[in-house]
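Hello,

Here is the structure we spoke about. My notes on it follow below.

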Amino acid sequence: MYTLLSMIRGILIAGNESALATAVAAEAAKRVTNFVAAFIPNRFSDAVKEKTVPSTGTFLNWNPGSPISARTLVLAAENRLERIDDAILVCVPPALYKQPDELSSADIEIMVNDYIKGWFFLVKELAAVFKAKKAGTLSLVLVETNANAAAKDSIDLLGPSATASFRAFTQNLLSSSLCDSFQVMGFSASDTGDDNAFAAFIFKLIEESSKRNNGRWHKFGKLSLFGR
């Protein structure tokens, strides 16, 4: 049973549009009376997807390539929630199967802005908020892409590159002095994992607020919900 205190926590969820991001939002809806979500649409796909945020959540726009947009997102989240206690950043990069010479300038801009640069801008703003109040939890969540899924005549130029960048960025954050001011945790799973169970695992560790979880990677597996 969740306490009244846990129900009024301010939670910000940001990430690229994915089944995992939706699962994390659904899990947040079980735990708090309101939360904020900002999802990056997959601009490499023509498929139109609805913003599947539970009714208790508020969807905010976010242009990951803009430092001003990152600041606006954090300020808007604080205004709606009164404070941000937990920020969960979800990275599930889509695939982009092309040969290097087939990439357009627009493709490269999207790759860098949406799946690499945006995390730096957003973490910068969140770190300033958490460091000022010396409290909060920053969780960076990564789903490893399957690089072997490419067709014979093309390679995935986006998924592995974005994954490697996010993993390196997270590792450096976990090793930094930020962990002295507030909690920083890394979460990872393979792309064959159970999204709902992974989301529950993330919140389980966040709510433990244990010092032993701080500054560490937490790998999700079949037995993760029953012990580590």
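**Helix packing and the sheet**

α4 and α5 cross in a right-handed sense. (A crossing is left-handed if the near helix is turned anticlockwise from the far one by less than a right angle, and right-handed if clockwise.) Helix α4 covers residues 105–133, and helix α5 covers residues 159–174. They pack at an angle of about 25°, with their axes 9 Å apart. That makes α4 roughly parallel to α5. (Angles under 35 degrees count as roughly parallel, over 145 as roughly antiparallel, 65 to 115 as roughly perpendicular and the rest as oblique.) Axes are lines fitted to C-alpha atoms, for helices over the stretch in contact, and angles run from 0 to 180 degrees between N-to-C directions.

On the α4 side, Tyr115, Ile116, Trp119, Phe120 and Val123 meet Ala162, Ser165, Phe166, Phe169 and Leu173 of α5. Contact means heavy atoms within 4.5 Å. Nine residues of this contact are nonpolar, one is polar and none is charged. (Ala, Val, Leu, Ile, Met, Phe, Trp, Tyr, Cys and Pro count as nonpolar, Asp, Glu, Lys and Arg as charged, and the others, Gly among them, as polar.)

The model is predicted: local features need pLDDT of at least 70, side-chain atom pairs count only at pLDDT 80 or more, and totals for chains, interfaces and linings use all residues. Residues are numbered from 1 along each chain as its sequence is written, and side-chain values use heavy atoms, with hydrogens and water left out.

Next, α3 (residues 67–81) against α4. The angle is about 40° and the axes are 8 Å apart. The two helices are therefore oblique to each other. α3 passes α4 in a right-handed crossing. From α3, the contact uses Pro67, Ala70, Arg71, Leu73, Val74 and Glu78; from α4, it uses Phe121, Leu122, Lys124, Glu125, Leu126 and Val129. Eight of these residues are nonpolar, none is polar and four are charged.

Then α2 (residues 19–31) and α7 (residues 195–208). They pack at about 50°, with axes 8 Å apart. That makes α2 oblique to α7. This crossing is right-handed. Contact residues of α2 include Ala19, Leu20 and Arg31, and those of α7 include Asp195, Phe198 and Phe203. The contact divides into 10 nonpolar, one polar and four charged residues.

Now the sheet. It is open, with seven strands in the order β3-β2-β1-β4-β6-β8-β9 and parallel pairing. (Two strands pair if DSSP finds at least two bridges between them. Helices are DSSP runs of H or I, at least four residues, and strands are runs of E, at least two, numbered from the N terminus.) β3 (57–59) and β9 (217–219) are the edge strands, each pairing on one side only. The twist averages 20° from one strand to the next. Six bridges join β4 (residues 86–91) to β6 (residues 137–144). Cys91 stands opposite Leu142 in β6.

Two helices lie over these strands. α2 lies across β1, β2, β4 and β6, at about 175° to β2. α3 lies across β1, β2 and β3, at about 155° to β2.

Finally, confidence. pLDDT is the predictor's confidence in each residue, from 0 to 100. The protein chain averages 86, and 85% of the residues score at least 70. Confidence is highest in β4, at 97, and lowest in helix α1 (residues 4–7), at a mean of 50. Over residues 1–5, pLDDT stays under 50. Where pLDDT is low, the predicted coordinates should not be read in detail.

Best wishes
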